[in-house]
Amino acid sequence: MKGLTLFDHLEDLDSESKYLVHKAKEATHLSHAPYSKFHVGAALLLEDGSLVMGANQENASYPLCMCAERVALYSAAVQFPGKKIMKLAVVAHKKNHKELSGATACGACRQVLVEYEQRQKSPIELVMMDEGKWMKCPSAASLLPMSFHSSHLLD
Ligand code: THU
C-alpha cells in the first residue's frame with residue numbers, strides 16, 4: 001500500500017509515534033470489555049499538541065459496543081472543536097494483559113476517520129500493530145478506498 005511504512009520493533013518508530021503508542025497502551029486500562037476481553041486503547045494527537053485518549057466500551061447489548069478509535073475521535077471533536085487531528089495510535093491486548101495484540105482499525109472506524117480527514121482537509125496518520133509488525137499509514141483514506149462520503153447524499 002502506498003506510503004505504508006513497516007517496522008519490526010516499536011523502538012524503530014519516531015519518538016512522537018512511540019509516545020502515542022505508550023499513551024494508547026495506558027488507555028487500554030480504561031477499556032470496558034467484559035464480553036470480548038479484547039482491551040483496545042487509542043491515543044490521538046491534535047495540532048496544538050493536545051492528547052486525547054479512547055478505549056473500547058462494550059455493553060451487554062453487544063451491537064452497542066464502541067471501538068476505542070471512535071471514542072477518542074468523538075471525544076476530541078467535542079473537547080477540542082476545530083482542532084486538527086494529526087496522528088492516532090491504536091493498540092490492544094487480550095485478557096492476560098501481557099502481550100500486545102494487533103488492532104488495525106475496523107472498517108467502521110476507518111469510515112469515521114475518513115470523514116474527519118475530509119472535514120479538516122488534512123490526513124490523519126495512523127500507527128498500528130499487526131502480526132508483530134508496527135506500521136505507519138499516511139492517512140485513513142489510504143486504508144479505505146472508495147469510502148462513502150457526503151457528496152453521495154446530494155441530489
Ligand atoms: N475494537 C476496537 O476498539 N478497535 C478496533 O480497531 C477493533 C475492535 C473493539 C470492539 C470490541 O469492543 C472489541 O474490540 C472486540 O471486537
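Author: The structure holds one aromatic pair. Keep in mind that this is a predicted model.

Reader: Which residues make the pair, and is it stacked, edge-to-face or tilted?

Author: The rings belong to Y35 and Y62. Their centres are 5.4 Å apart and their planes sit at 45°, so the pair is tilted.

Reader: Where do Y35 and Y62 lie?

Author: Both are in loops. Y35 is in the one between α1 (15-27) and β2, and Y62 is in the one between β3 and α2. The pair therefore ties together parts 27 residues apart in sequence.

Reader: How accessible is Y35? And Y62, buried or exposed?

Author: Y35 is partly exposed, at 38% relative accessible area. Y62 counts as exposed, with 54% relative accessibility.

Reader: Switching to α2. How many residues, and what span?

Author: Helix α2 covers residues 68-79, 12 residues in total. From first C-alpha to last it reaches 16 Å, close to the 16 Å expected at 1.5 Å a residue.

Reader: Which α2 residues are buried?

Author: A68, E69, R70, A72, L73, S75 and A76.

Reader: Now the largest nonpolar core. Which members touch the most others?

Author: L44, L73, L88, L126 and M128, out of 27 residues in that core. The elements giving two or more residues to this core are β2, α2, β4, α3, β6 (125-130) and β7 (133-137).

Reader: Last one, M86. Which strand is M86 in, and how accessible is M86?

Author: M86 is in strand β4. M86 counts as partly exposed, at 39% relative accessibility.

Reader: What does M86 touch, not counting residues up to four places away?

Author: M86 touches L45, L46, E47, P123, I124 and E125.

Reader: And how are M86 and V52 placed?

Author: They are 34 residues apart along the chain, and their C-alpha atoms are separated by 11 Å.

Conventions: Residues numbered from 1 in each chain as written. Predicted model: local features only at pLDDT ≥ 70, side-chain atom pairs only at ≥ 80, totals over all residues. Heavy atoms only, no water. Helix = DSSP H or I, 4+ residues; strand = E, 2+ residues; numbered from the N terminus. Expected span 1.5 Å × (residues − 1). Buried < 20%, exposed > 50% of the residue type's maximum accessible area, 1.4 Å probe, protein only. Core = buried A, V, L, I, M, F, W, Y, C linked by side-chain atoms within 4.5 Å. Phe/Tyr/Trp six-rings, centres within 6.5 Å; stacked < 30°, edge-to-face > 60°. Contact = heavy atoms within 4.5 Å.
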